[in-house]
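Q: Please take a close look at the ligand site and describe its surroundings in detail.

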Amino acid sequence: MGIKACILNLDGVIVDTVRYHYVAWRRLANELGFDFSETQHETLRGLSRMESMEEVLRWGQVYMTEAEKLHWADVKNNWYLACLLQMQPEEVLPGVLSFLQNLQQTGMLAAVASGSRNAKAVIHTLQLEPYVKLVMDGSTYRKPKPDPDCYLQTASALHLPASACLVFEDMPSGIEAARRGGFPTIGVGLKADLSHANLTISGFEDLTLAGLLEQMEFSLSQSV
Ligand code: G6P
């Protein structure tokens, strides 16, 4: 298939940061005089920081000027960063570390493309820097997923065409971003939610690149 690199989304693929975001967004809501549930918070997955901000304010029916929104988004981020101090390398999702090691052993590049502006800090905390050549984070590219911008910029920084980079995504908007950019895609999660991916896996446990590419060839041969 000519695959030369694997590009992984961070939140929901490599690690689950959602509980840390929940603590910080909830603290913001409480400061502003309202509350929301964990289930409600789940709907923020994959949204950019400011998109999440708009949604949280809508839940509390709070009006803010643009400058106030930026200020509170900053405050929330500082609370989130304080939560991240508790994060441990053991929180890397099952099988991800051995998959990254497998990529390294087989000479395949690994990169991270995330909407989070904190992606580099998270990769550092998880001690994954030795396995990842490049982290493209939410501060490096302009248009959030489902725009293909982050994946196109990652491929360009790796000096590779989209067709040579296999994208791993847990969110439908991420799969759409990658597909729009011309990347082959692996959905990580439930097949029903990620039906547009070329192949869906439930997780990384016992996964090797060779095994994955074999499954992909098979799935592509079935779809023609
Ligand atoms: C990812 C996560 C979102 C988060 C966004 C921005 O897309 O899935 O839940 O809101 O990144 O994260 P940041 O760390 O920059 O606030």
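A: A residue is taken to be near a molecule if one of its heavy atoms lies within 4 Å of it. By that criterion, the ligand is surrounded by Asp11, His21, Leu44, Gly46, Leu47, Arg49, Ser52, Tyr80, Gly115, Ser116, Arg117 and Asn118. The model is predicted: local features need pLDDT of at least 70, side-chain atom pairs count only at pLDDT 80 or more, and totals for chains, interfaces and linings use all residues. Residues are numbered from 1 along each chain as its sequence is written, and side-chain values use heavy atoms, with hydrogens and water left out.

Sorted by class, this shell comprises three nonpolar, six polar and three charged residues (Ala, Val, Leu, Ile, Met, Phe, Trp, Tyr, Cys and Pro count as nonpolar, Asp, Glu, Lys and Arg as charged, and the others, Gly among them, as polar).

Polar contacts are pairs of N or O atoms within 3.5 Å. A side-chain N or O atom of Asn118 lies 2.7 Å from a ligand oxygen. Taken alone, the ligand exposes 390 Å², of which the protein buries 91% (accessible areas by the Shrake-Rupley method with a 1.4 Å probe).

As for the domains, whose bounds come from an automatic or database assignment, the chain is divided into domain 1 (5–15 + 93–223) and domain 2 (18–84). Their contact, meaning heavy atoms within 4.5 Å, takes nine residues from domain 1 and ten from domain 2. Each of these domains supplies at least three residues to the shell around the ligand.

Technical notes. Polar contact = N/O pair within 3.5 Å; in protein donor to acceptor, adjacent residues only side chain to side chain.
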